[in-house]
Amino acid sequence: MNTALLESVLVSLADGKPHLLPPMSAQQRSEILQQLLAWGLTPKRLENQIYQLEQPLNLLDQAVINRTLHYGKAVVFRCIDSTNEFLLQNKSLPSGTICTAEMQTAGRGRRGRQWQSPFAQNLYFSLLWHFQMQANQLQALSLVVGICLADTLAELGVENISIKWPNDIYLNGRKLGGILIESRRFERQKQEMVIGIGLNLAMQQNAAAQIDQAWANLNESAVRAERNQLVATLANNLQHMLLQVEQHSVTPYLLRWQQYDHFYQKPVKLLLQQHTIQGICRGIDTDSGELLLQTADGTLQRFNVGEISVRPLTP
């Protein structure tokens, strides 16, 4: 397929208005229309070679994002298997590199779950960072990233943001996004980490059929974020936060966890690999990021970030 021609057609149709397709063969036109359909887009033929998308698209623009970044470079794909996987596999990329895409075919969340990644409806974003720190100093990194995301959204004017330990962002009590941190390289004093973030912006109901929990879109709030600006703002804030962590540790951020803690002082159950534990969430240890759970006998138990899920305890 002529990828340059495909890109030209996509960018032209993105405004949602009728457009005459550029000159091309019938086979090229068929291939391009099939690719748009494979991405979940629905180009409607009006007359002759005039087509229109049902909905306008706010497409990612690599040049626009890179002009706004304070540090590092962004790589933008229309479709990729996984933005995290791209950074994990490309060993020569420098610290601060960002990968984002309109769509992921193999997006993944925590505990091996699939991350729903429809075309141009959400934000799929990964950041590579080389830490000059020991691994045990970074065990609460997902919590700190969550605080940074919550701060960024609050600064943009989004209200009712909370974080579910250890890595989910909530809006109005429903899941807005998630964080997946993976390691590319472990050494005693150097860690290469990939921080993956997914945020629902304007996901349509039909794209969320396989999601098994209540979810939210950012456009439910009063804020309408331009996607390129949102990527750059998140990247700049995350990079600033990571520099602060390297200089001062995670503790200054963890001290602010309680203001966003979705389950603080609420009854919850922890889903472990073999069993569940019930109790009252008492926040976190602000040095380690461990979850604090008070059980019925009054014992305060600690749980590390790992293969644990937290759920509300309903009557």
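**Asn48 is found in the loop between strands E2 and E3.** Helices (H or I, at least four residues) and strands (E, at least two) are DSSP runs, numbered from the N terminus. This is a predicted model, in which local features need pLDDT of at least 70 and side-chain atom pairs count only at pLDDT 80 or more, while totals for chains, interfaces and linings use all residues. Residues are numbered from 1 along each chain as its sequence is written, and side-chain values use heavy atoms, with hydrogens and water left out. Most residues other than glycine have a negative phi, and most peptide bonds are trans. Asn48 has a positive phi of about 45° although it is not a glycine. With a relative accessible area of 56%, Asn48 is exposed (buried means under 20% relative accessible area, exposed over 50%, partly exposed in between, with a 1.4 Å probe and protein chains only).

**Strands E1, E3 and E2 form an open sheet in the order E1-E3-E2.** The pairing in this sheet is antiparallel; two strands pair if DSSP finds at least two bridges between them. Strand E1 (19–20) and strand E2 (43–47) are the edge strands, and each pairs on one side only. E1 meets strand E3 (residues 50–53) over two bridges, in the antiparallel sense. To find this pairing in your viewer, look for Leu20, whose bridge partner in E3 is Ile50.

**Phe77 and Phe86 form an edge-to-face aromatic pair.** The structure holds three aromatic pairs, and in the one shown here the rings of Phe77 and Phe86 lie 5.0 Å apart, centre to centre, with 65° between the planes. Rings of Phe, Tyr and Trp (its six-membered ring) pair if their centres lie within 6.5 Å; planes under 30 degrees apart count as stacked, over 60 as edge-to-face and the rest as tilted. Phe77 counts as partly exposed, at 24% relative accessibility, whereas Phe86 is buried at 18%.

A disulfide is a covalent bond between the sulfur atoms of two cysteines; here the term is used for a pair of cysteine sulfur atoms within 2.5 Å. For Cys99, the closest cysteine sulfur is that of Cys79, and at 11 Å it is too far for a bond. For Cys148, the closest cysteine sulfur belongs to Cys99, and at 19 Å it is also too far for a bond. Cys99 is buried, at 0% relative accessibility, and Cys148 is buried at 6%.

**Helix H5 covers residues 141–155.** At 1.5 Å a residue, its 15 residues should span 21 Å, and the end C-alpha atoms are 21 Å apart, which agrees (the expected span is 1.5 Å times one less than the number of residues). H5 is mostly covered, with 13 of its 15 residues buried. Just after H5, Gly157 takes a positive phi of about 105°.

**Asn160 lies in the loop between H5 and E7.** Although Asn160 is not a glycine, its phi is positive, about 60°. Asn160 counts as exposed, at 53% relative accessibility. Follow the chain onward to a cis peptide bond joining Trp165 and Pro166, with omega about 0°. Pro166 belongs to the loop between strand E7 (161–164) and strand E8 (168–171).

**Asp285 sits in the loop between strand E12 (276–284) and E13.** Asp285 is buried, with a relative accessible area of 16%. Its side chain joins that of Arg302 in a polar contact of 2.5 Å (a pair of N or O atoms within 3.5 Å; within protein, one must be able to donate a hydrogen and the other to accept it, and residues adjacent in sequence count only if both atoms are side-chain atoms). A polar atom of the Asp285 side chain also lies 2.8 Å from the backbone nitrogen of Asp287.

**Five strands form an open antiparallel sheet in the order E14-E13-E12-E11-E15.** At its edges are strand E14 (300–303) and strand E15 (309–312), each pairing on one side only. Four bridges join strand E13 (residues 291–294) to E14, and Leu293 has Gln301 as its bridge partner in E14.
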